[in-house]
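Please walk me through this structure. I am new to it and would like to know where to look.

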Amino acid sequence: VAHFFARVTKLILHPEDPVYQPVMSFLLLKPNIDIQNVPEIYKLLLSSSTQYYNKERHWCLRLILDSLIEPNDYNILQKRYGIKLLLSLFGSVIADQETKKFILLSLRAVLQHRSVANDLYVRQNLQSWIVLTLQNKILTRWERVFLCQLFVTLVTHIKELYCADLNDDAVEANWRKTIAYKTCRMLGNKVCDELVKENDNAKNMWLPKLKQLLCEDSWSRNCSVQN
């Protein structure tokens, strides 16, 4: 919300901006503003404007990207099902390359926090979404490599999270670790296949890291992985 008003103060000085009208209408219509929600996220992301829909969507996506600094920002975004909305928007026909870029950068921003990464893994099934999205043939090389990078970051957090407690010998906990490992390995092999197709620095950078993450020995050093 603070970022929203910071951007609005600049927007007031530019009435010619296409985003000026919808944002000012929102401010005039609402006597008070809920500071625990993202203002006008649905109206701007799913703009009905026939002329400036891209500009309104990009303005909102930029606001979301700049605002994702700490886990609480993610929680506020999730009150409007923000991540599900972004994931759905990425694969839709209305998403241009600029929209996809903002969405991928936003995902990278939230994946900086381990607690958020765990929520994306458990509740949002981000790992499966990444693998499924990689099957899209119209992705650019940059988008494909960036998705692989997101997968590596996500699996890194999950591995550290599930293998953090060396004294955790409970059967249920070990089964959770085993399921996490096998899920990451199964999906990770598909991501490896995509990286193998690349013949540039991205392949040399991310493929070894991913293979190391998927190595059973690297999980077994800290936690018991059952076959």
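Predicted model: local features only at pLDDT ≥ 70, side-chain atom pairs only at ≥ 80, totals over all residues.

Residues are numbered from 1 along each chain as its sequence is written, and side-chain values use heavy atoms, with hydrogens and water left out.

Start with the domains. The protein chain splits into domain 1 (1-112) and domain 2 (126-226); such bounds come from an automatic or database domain assignment. Their C-alpha centres lie 30 Å apart. Domain 1 gives 11 residues to the contact, and domain 2 gives 15 residues. Contact means heavy atoms within 4.5 Å.

Now look inside. A nonpolar core is a set of buried Ala, Val, Leu, Ile, Met, Phe, Trp, Tyr and Cys residues joined through side-chain atoms within 4.5 Å. Buried means under 20% relative accessible area, exposed over 50%, and partly exposed in between (1.4 Å probe, protein chains only). The largest core has 71 residues, and Leu45 and Leu126 touch the most other members. Helix H10 (residues 141-162) supplies the largest share of this core, 11 residues. Helices here are DSSP runs (H or I, at least four residues), numbered from the N terminus. At least three core residues come from each of domain 1 and domain 2. Leaving aside residues up to four places away in sequence, Leu126 touches Leu87, Leu107, Leu111, Leu120 and Leu154.

Turn to helix H5 (residues 71-78). Its buried residues include Asp73, Tyr74, Ile76, Leu77 and Gln78. Among the elements that cover the buried residues of H5 are H3, H4, helix H6 (82-90), helix H7 (97-110) and H8.

Two loop residues come next. Most residues other than glycine have a negative phi. Glu40 has a positive phi of about 55°. Glu40 sits in the loop between helix H2 (20-29) and H3. Its relative accessibility is 18%, so Glu40 counts as buried. Asn125 also has a positive phi of about 55°. Its loop runs between helix H8 (114-122) and helix H9 (126-134). At a relative accessible area of 35%, Asn125 is partly exposed.

Finish at Leu46. This residue lies in the loop between helix H3 (41-45) and helix H4 (53-67). Leu46 is partly exposed, with a relative accessible area of 46%.
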